[in-house]
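This briefing covers one protein chain.

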Amino acid sequence: MATATLKMTQMPTANIPSNHISCEHGDQVMIPCEHNEDSQVSWMKNGFELDEGDGMYVDDTGMLVMQQTERGASGTYQCVASNFCGVSEAECSVNVTARDPNRCDEGVELVECLLDPCQDNVCEGRPELVCKPTRCGECGNYWEDEEMRKVTCPQIEAPEIINAQMVSLTPEGEDAVLSCETTGFPTPNITWTLNGGTPIDGLKKHSLRGDNTLVIRQLVMGLDNGRYTCTAENSAGTAESTVVVAILPRMTPMCPQTSDKIMKCENDFCATAKCPAYEGTNNVTCVNTVCNVCTYIFVDRSMNYVDCYSDPAVLKKMQQMSKMNMMGNMLDGLLEVPWAVDMEVWVPCL
């Protein structure tokens, strides 16, 4: 004969033995929640669902465990027991106070300190940190943040500029982008100056990006070229790096074919280039080129290519000889014609 067992489900009940808990920062706190076996338990804080993590969790019995309380742990906690018959809640307030530095663990003696362990002690890396003295076992100190968490005071580090850019070659009319990547702690303050002058303020002509990159808009020959210095400074020291901005003329020979590659050049070849054939004159100009290969050429005032290794005097003499030969051939041709009348032949002055 078959039998059946009828199990009655009751309305859920929730109860927290204590409705208030006071503790010190860093203490472990456990809040039990008494409830029916056939109900499920969840926790809320200040009316919102509780996020577990960072040392806070609910165990298999429904107890809320805080392994190390922090300042932000203060508040009202609600235990919620529920089943299909209904919901029941119980609450408990938690107040976290600063830890008493004179309260030592069991078996550790409290010692007397001749001097205050925190006297004139400031964390340069994070000035907002608070020094806390301790006399448990020995005289010492530790650091607390605004949440009363025990933290480490970071070591200050002098600035260093890494991946420094030496030269910027940019065609006239385009924007030059100068980077200044730094390390150091506290985070260095960055300033840019031109030719050792006043700091660049980042208005109109210049713009400063959040990563300390300087952008020079629409380069103008003779106005924007020069030495741009990035200075990184913090409480531990100063570092500098200088970028030479060389502007390529608008007539700079670029790539004539669409298949040619425009190179990104970082060296100013014209800074050291020489033109022996025209040395000591102002008739030629060095131009950095970026077509397929980073190199340079010399051009005359009409932007024509100049051969720097040919003697100008020899070239001029050859041009004169070529001109004389041309006129001589013209004269010989005229004299060979059997003219019937006398005539005068005018020869241009050579």
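How many residues does the largest nonpolar core have, and which of them have the most contacts inside it? The model is a predicted one. Its largest nonpolar core has 21 residues.

**Nonpolar core**

- The residues with the most contacts inside the core are Ile16, Ile31, Trp43, Leu64, Met66, Tyr77 and Val94.
- At least two core residues come from each of strand S2 (20–24), strand S3 (29–31), strand S8 (64–66), strand S9 (75–83) and strand S10 (86–97).
- S10 supplies four residues, the largest share of this core.
- In soluble globular proteins, nonpolar side chains tend to be buried together.

**Salt bridges**

- The model has two salt bridges.
- One of them joins Glu112 to Arg135, with 3.5 Å between the closest N and O atoms.
- Glu112 counts as exposed because its relative accessibility is 68%, and the cut-off for exposed is over 50%.
- Glu128 and Arg126 also meet through their side chains in a salt bridge, at an N to O distance of 2.8 Å.
- Glu128 has a relative accessibility of 44% and therefore counts as partly exposed.
- Arg126 counts as partly exposed as well, at 25% relative accessibility.

**Negative surface patch**

- Asp54, Glu70, Glu146 and Glu147 gather on the surface in a patch of negative charge.
- Glu146, one of these residues, is found in the loop between strand S12 (140–144) and strand S13 (150–151).
- Is Glu146 buried or partly exposed? With a relative accessibility of 45%, Glu146 counts as partly exposed.
- Patch residues must have over 30% relative accessible area and no salt bridge, and the value for Glu146 is 45%.

**Cys23**

- Where is Cys23 found? Cys23 belongs to strand S2.
- Cys23 is buried because its relative accessible area is 8%, and buried means under 20%.
- Cys23 and Ser74 are 51 residues apart along the chain, and their C-alpha atoms are separated by 9.5 Å.

Note on methods:
Residues numbered from 1 in each chain as written. Predicted model: local features only at pLDDT ≥ 70, side-chain atom pairs only at ≥ 80, totals over all residues. Heavy atoms only, no water. Patch = residues over 30% accessible without salt bridge, like charges linked within 9 Å, V, L, I, M, F, W, Y side chains within 5 Å. Areas by Shrake-Rupley, 256 points an atom, 1.4 Å probe, with all protein chains shown as cover. Salt bridge = Lys/Arg side-chain N within 4 Å of Asp/Glu carboxyl O. Lys, Arg positive; Asp, Glu negative; His and termini not counted. Charge placed at Lys NZ, Arg CZ, Asp CG, Glu CD. Buried < 20%, exposed > 50% of the residue type's maximum accessible area, 1.4 Å probe, protein only. Core = buried A, V, L, I, M, F, W, Y, C linked by side-chain atoms within 4.5 Å.
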